[in-house]
Amino acid sequence: MFSRRSLIWLCLLAAGISSLVIATQLEGPPRTNEDRVRSLSEDFACPTCDGQSVAESNAVVAQEIRREIRRQVDDGQTDEEITEALVASYNESIDLRPRSGGVVGLIWILPVVVMVFGFAALASVFRRWRSTDARSASRADIDLVESLRRERQEQVES
Amino acid sequence: MDDMDADDVVEVELPAGPSRLAFFAATAVGAVLVVLIAVLATSDGEAGFARSPLISKTAPLITGEAVDGTTFDLDAERGRWVVVNFFATTCVPCIEEHPELVAFDEQYSATGEASVVSVAFSDTASNVREFFATNGGEWAVLAEDTGRHAISYGVAAVPETYLVAPSGIVTTKFIGGVTKLDIETEIDRLNRANSTTVVAES
Amino acid sequence: MHVLIGYGAVSLGFAGALLGAGTSTYSLIKKRPELMRAVRLHVGLIAVAVVIAVITMESALLQHDFSVKYVAEHGRIDTPILFTIATLWGALEGSILLWALILVGYLVVVTWRFRDRTDDSMVGWALLTMLIVTLFFFGLMLGPANPFIEVSNPPADGPGLNPLLQNNAFMAFHPPMLYLGYVGFTVPFAFAIGALVTGRVGEGWLVETRRWTVFAWGFLTFGIVLGAWWSYETLGWGGYWAWDPVENASFLPWLTGTAFIHSVMVQERRGMLRVWNLSLICATFALTILGTFLTRSGVIASVHAFSESGIGPLLLGFFAVIVVVTVGLVGMRGDALRSVGKIDSPLSREGAFLANNVVFAAFAFVVLLGTVWPLIIEAINGDRIAVGNPFFDRMTMPIGFVLLFLMAMAPVLPWRKASGEVLSDRLLWPAVAGVVAMIGSMLLGAAGFAPVLAFGLAGVAAGSAVRQLVIATKRQGWRGLVGRTNGGMIVHLGVILIAVAFAASNAYLRQAEFSFEEVGDSAELAGHEFIFRGTDQVIAPDGRIDNQVLVEVDGHIERPALTVFPFAGRTIGTPQTRGSLVDDVQLSVIPTEDGADGAVVRVTVQPLVQWLWIGGVMMAVGTALALVPGKRRRPTAATSALPVESDEPVEPPAEPVPV
């Protein structure tokens, strides 16, 4: 009942989806404290550098902050606790993730709004183009009309 | 037949949309860009770490062994003004402000109104001892394991000085080198402005 | 002497540009096309002027003539020769001079190529546009960005370049390549303006400038890749892209430029998407000016930025003018920009390219938003915030997936309409490739939804691209590798390599800081062994002091160092990278307090980083192949896409489409 082609596609789809599911379940190498330090460091700005994160910068204060993050990670603090502590010492500018609340949080929403709008516009444009499916005359049609007109002309003249 | 007159062809219904769409899209984009330009034109581009969230809050703990062997605890200093100074022996503004701190300490620690504590940032104890031996200064200096103190105060670069009121709360942050006059003026101002105690919000 | 000649040359160039712009304006407005011929001479004059100016500056740099302020501020007697030559673009004023040189270069070639068509008003307006841009940049050099200022008491020696710029030879190559790209987009932009003003908004201007656009795009792409490579090798934190404002400034025009080179194929073939194409090329050019503004105005802090200067407001003003003019022109010409045809089905190549435009536009929006958000927030409520990697990574990841998907679909989609049959035929092997890629990557240790999905999509996209190449080479032999479509497929393969490398290196990065105390101490990370072998100190001929830490990595000694530049008063890190096709190991020395005998070394291990650079080279090669002219054919007429009678799906032609 299913053609061979559809069967192959079904297998491919199944293989693809199951691979993804397995990938989600698989654990990579265990996440060490150092890994946590690295990923946290990317979330904080170095206070004296031009926009670099604590992970990127080699400035003294960046190293100290990394050391502090490492201390807190080793102590077992959660990501939120570490963030709060740093923000309490410096101020919100140190957190490179724009906070969710208020005007600042708009940055997370605006792109989504724009993308949704973009795709909606795309979809409506496609739909509009498909419905006004007016066709231009084909050559055959034009020839036919021309020959009929000639016939009519001859009729009128005769 | 290659020529087709306009009359011979069936009228094609072109949607009236595209040209108006172009205009509206262009205007919308243009408006956004105008806003962007306005924002860019009025910006002054500076980092935002001058504002400290510690102001009006209880000063973070500073405890540890000073370079002269005594133990220091910030809590023990309650009842007088404390000048918490973060420095490094190699930083030029720190070297320049040092005599000011020496003068301040000489005048006020005698009366017990204020005390000074220096916290070295990313420096060694031996460097610090040598620095104080050469340049004077008889107050507590912490040099070991001081990174965490600096971070808890939100130090971005040295020198930075924090003024802690007798009640234990942080009142002021000085960025860059301080002078004796700066500190005195600030203490005076705070004393006059708030004869009531400055309330701690923790 | 140098100052006199140099400033004189700049003034001459300015005068030439003024003459040329004035003559063109008069000729075009008064409809006297014969006057345009004189403009060729004016262009020649500007060319002579800019060459003299550049030679003068290089001569001043190489002779260490410290009476020139630019040399006094950035030159140094002991700087190695390569960097002395590169000092031309190492600081702000010189970078404007380089921009002017490349711009005039393009202007000369355009004038020469169109020398017999100066009475065509579209060409005339295009030349006028380019001359106005040239006038602007020369104007900058006459005033706020003047490289030829005299110093009354020339010092005996200068401080030299910023040490970060002298630590790697990439410095000599990245800026010129990048500028060849940036500035190159002036040409299609100028012709777009010409088309808009004359009303000839059909396909003519596109076809004329196609090669220029691809050429500029190729250099911009390669310039960006070189920049990432340079940053990776020099900064030593293991990253190659930080979504830094300067990096974004170069990436934004690349995004709109890439959308443009794809979207023009739809206009050439079917006369559609005219508004998109005009908007995209104008946006690309405007973004190059905006980018120049961001990197030189100090408005947004960045480690890659030039020093602050007074040209910021001027560049912003120029950007504003460009925006107003192009938006006005596009709005005005709205009527003439109506499509000749229409898209029959979203499942078609036109549909894919239209979706491509939308996605790239969204991508550009996100990047621009993230870059200027701190400024917007500051304008609204005075707070100073920062937006970094976390935002960009999270926002651009889904966009990346969509783009990989489009890359997989578009080469197999026929024009006009696709049927399920056709698609299932053509996508079969690519789909197999995708599944194989996913399973293969997991067997090699990959895990996690996002990376594996990325590998899968990359596999499908690679399959589509290879399929096209195989078909083309089977039919045409070696010619199946050149030409727009085939070269484009090779570029796609390069992009896929970069996408895979990006996914893998971000997802599977490992980093650690090791404190070595005694020689012989060892550590291990991600399958590599590190043994501390002591320290060393090397003093280079130019005076820098390399304090090296010797680390044996898997049997080979690497020497990351802390390099002291006593003449600049700075110490920077000199990381070492050991790359292989499998992974990169980067070592970077962390400064510690004096007195320690050992060393602290930061080690970063990332898989597949070399694939980034290989992918970049592949993109450059693919672009070059795409520029190889095909067999001579008539250019496609806009009405070539007459409606088709039958309901059968349309096969793409066996050979690449003409033009």
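Analyst: Helices (H or I, at least four residues) and strands (E, at least two) are DSSP runs, numbered from the N terminus. In that sense Thr574(C) lies in strand E7 of chain C, which covers residues 570-574. This is a predicted model, in which local features need pLDDT of at least 70 and side-chain atom pairs count only at pLDDT 80 or more, whereas totals for chains, interfaces and linings use all residues. Residues are numbered from 1 along each chain as its sequence is written, chains are lettered from A and ligands numbered from 1 in the order in which they are written, and side-chain values use heavy atoms, with hydrogens and water left out.

User: Why is Thr574(C) called buried?

Analyst: The relative accessibility of Thr574(C) is 13%, and buried means under 20% relative accessible area (exposed is over 50%, partly exposed in between, with a 1.4 Å probe and protein chains only), so Thr574(C) counts as buried. Leaving aside residues up to four places away in sequence, Thr574(C) touches Asn167(C), Asp546(C), Pro560(C), Ala561(C) and Thr563(C), where contact means heavy atoms within 4.5 Å.

User: With which side chain does the side chain of Thr574(C) make a polar contact?

Analyst: The partner is the side chain of Thr563(C), at 2.4 Å. A polar contact is a pair of N or O atoms within 3.5 Å; within protein, one must be able to donate a hydrogen and the other to accept it, and residues adjacent in sequence count only if both atoms are side-chain atoms.

User: What makes Lys173(B) and Glu160(B) a salt bridge?

Analyst: Their side chains meet at 3.6 Å, N to O, and a salt bridge is a side-chain nitrogen of Lys or Arg within 4 Å of a carboxyl oxygen of Asp or Glu, so the pair qualifies. The two residues link distant parts of the chain, Lys173(B) being in strand E7 (residues 170-175) and Glu160(B) in strand E6 (residues 160-164) of chain B, 13 residues apart. Lys173(B) has a relative accessible area of 14% and is therefore buried, and Glu160(B), at 3%, is buried as well.

User: How do you know that Glu268(C) and Arg484(C) tie together parts that are apart in sequence?

Analyst: The salt bridge itself rests on closest N and O atoms 2.7 Å apart. Glu268(C) belongs to helix H10 of chain C and Arg484(C) to helix H17 (residues 484-507) of chain C, so the pair joins parts that are 216 residues apart in sequence. Both Glu268(C) and Arg484(C) are buried.

User: Why does Arg533(C) count as partly exposed, and with which residue does Arg533(C) form a salt bridge?

Analyst: Its partner is Glu552(C), with the closest N and O atoms 2.7 Å apart. Glu552(C) lies in strand E4 (residues 545-553) and Arg533(C) in strand E3 (residues 528-539) of chain C, so this bridge connects parts 19 residues apart in sequence. Glu552(C) is buried at 17% relative accessible area, but Arg533(C) has 36% relative accessibility and therefore counts as partly exposed.

User: Why is the pair of Phe104(B) and Tyr108(B) called tilted?

Analyst: Over all chains the structure holds 40 aromatic pairs. In this one the ring centres are 4.7 Å apart and the planes stand at 35°. Rings of Phe, Tyr and Trp (its six-membered ring) pair if their centres lie within 6.5 Å, and planes under 30 degrees apart count as stacked, over 60 as edge-to-face and the rest as tilted, so the pair is tilted. Both residues lie in helix H2 (residues 92-111) of chain B, four residues apart, about one turn of the helix. Phe104(B) is buried at 1% relative accessible area, and Tyr108(B) counts as buried at 15% relative accessibility.

User: What is the area buried between chain C and chain A?

Analyst: The value is about 5,400 Å², of which carbon and sulfur atoms give 67%; buried area is the accessible area (1.4 Å probe) that two parts lose on being put together, summed over both. The contact takes 63 residues from chain C and 58 residues from chain A. On the side of chain C, Trp237(C), Lys342(C) and Trp373(C) lose the most area to chain A, together 10% of what that side buries. Four salt bridges are counted between the two chains, and Asp425(C) forms a salt bridge with Arg5(A), with the closest N and O atoms 2.6 Å apart.
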